[in-house]
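Please read it with the model open.

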Amino acid sequence: MQKVKPKKALGQHFLTDLSVARRIAATLDDFHGMPVMEVGPGMGVLTQFLLESGHDVKVAEIDTESVEYLRREFPALEAAGGIMECDFLRTDLAKVYPDGQKFCVIGNYPYNISSQIFFHVLEYKDQVACCSGMLQREVAERLAAAPGTKARGILSVLLQAWYDVEYLFTVSEHVFNPPPKVKSGVIKMTRNGVTSLGCDERLFKTVVKTSFGQRRKTLRNSLRGLFPASVPLPDHEIMSLRPEQLSVDRFIELTNLITSYRTEAQ
């Protein structure tokens, strides 16, 4: 059977080590019976193990050549309507899984859009019970980064507010065609029990993004524009910190501090 040619424009690096694919598929063993959406299946190296495990699988693939290959190689999946030729980032997952149905997301994610994929998953956090898969190691480390580490960033905080994020294992660049220039990392995100952050969630996102946008500055300097111009900045120890030092709870505390100052200024 003719193989799919990897396309640089799509960030395609096809995994060739079946043992790694099996390990990635096994990250969803705790969610047996829950529907699974695989992002960018390519030639189905991960898909085959998801199907073997009995998962109800749908795949989202933007590459026409890959879609044609999957339809030939996985006729049962095609017959069940499981092969979706679409851009995952533009797909309304609530329509794919209606009525608030819970599901999992998995994939060997294209490096060039992996952050966008996780932002998209966050939009459906009340439905996505687990999200796992492989991405560039540095990005994977960032998603799981703890407070006080240099790798911590916007997605670290936004994801960890709603998910328990684990860095599972590293994958060599030599098990791909073509080999990427960097190593890969596999993560698993499991939805935690949080239903509300206890703050203005829209402002919370703004606080996180603004503070990391000037991460070398203390919060006193980076967040000045979020406080009312008519009042002095709070004399609070949190304002002397830098964003990577804050846990999710402390970002919530900071958001509520800003909210209180805005309320008093009205």
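1. Start with Asp 87 and Arg 90. They form a salt bridge, with the closest N and O atoms 3.6 Å apart. Keep in mind that this is a predicted model. Asp 87 is partly exposed, at 25% relative accessible area. Arg 90 counts as exposed, at 75% relative accessibility.

2. That pair belongs to a wider set. The structure holds eight salt bridges. The points below take up some of the others.

3. Look next at Arg 191 and Asp 126. Their side chains meet in a salt bridge of 3.3 Å, N to O. Arg 191 lies in strand 9 (residues 184–191), and Asp 126 in the loop between helix 6 (114–122) and strand 6 (128–136), so the pair ties together parts that are 65 residues apart in sequence. Asp 126 is exposed, with a relative accessible area of 52%.

4. Arg 191 has a second contact to check. This residue also lies over the face of Tyr 163, at 5.9 Å from the ring centre. Arg 23 lies over the face of Phe 169, at 3.7 Å from the ring centre.

5. Glu 244 and Arg 215 also meet in a salt bridge, at 4.0 Å, N to O. Glu 244 lies in the loop between helix 10 and helix 11, and Arg 215 in the loop between helix 9 (201–213) and helix 10, so this pair ties together parts that are 29 residues apart in sequence. Glu 244 is buried, with a relative accessible area of 18%. Arg 215 counts as partly exposed, at 29% relative accessibility.

6. Some bridges join up. Glu 237, Arg 250 and Glu 253 are linked in a network of salt bridges.

7. Now the rings. A search of the whole structure finds four aromatic pairs. One of them is Tyr 97 with Phe 103, which is stacked: 4.2 Å centre to centre, with 15 degrees between the planes. Tyr 97 counts as buried, at 2% relative accessibility. Phe 103 counts as buried too, at 0%.

8. Phe 227 and Tyr 261 form an edge-to-face pair, 5.7 Å centre to centre, with 90 degrees between the planes. Phe 227 lies in the loop between helix 10 (219–222) and helix 11 (248–265), and Tyr 261 in helix 11, so the pair ties together parts that are 34 residues apart in sequence. Phe 227 counts as buried, at 4% relative accessibility.

Terms used: Residues are numbered from 1 along each chain as its sequence is written. This is a predicted model: local features need pLDDT of at least 70, side-chain atom pairs count only at pLDDT 80 or more; totals for chains, interfaces and linings use all residues. Side-chain values use heavy atoms; hydrogens and water are left out. Rings of Phe, Tyr and Trp (its six-membered ring) pair if their centres lie within 6.5 Å; planes under 30 degrees apart count as stacked, over 60 as edge-to-face and the rest as tilted. Buried means under 20% relative accessible area, exposed over 50%, partly exposed in between (1.4 Å probe, protein chains only). Helices (H or I, at least four residues) and strands (E, at least two) are DSSP runs, numbered from the N terminus. A charge sits over a ring if NZ of Lys or CZ of Arg is within 6 Å of the ring centre and within 35 degrees of the ring normal.
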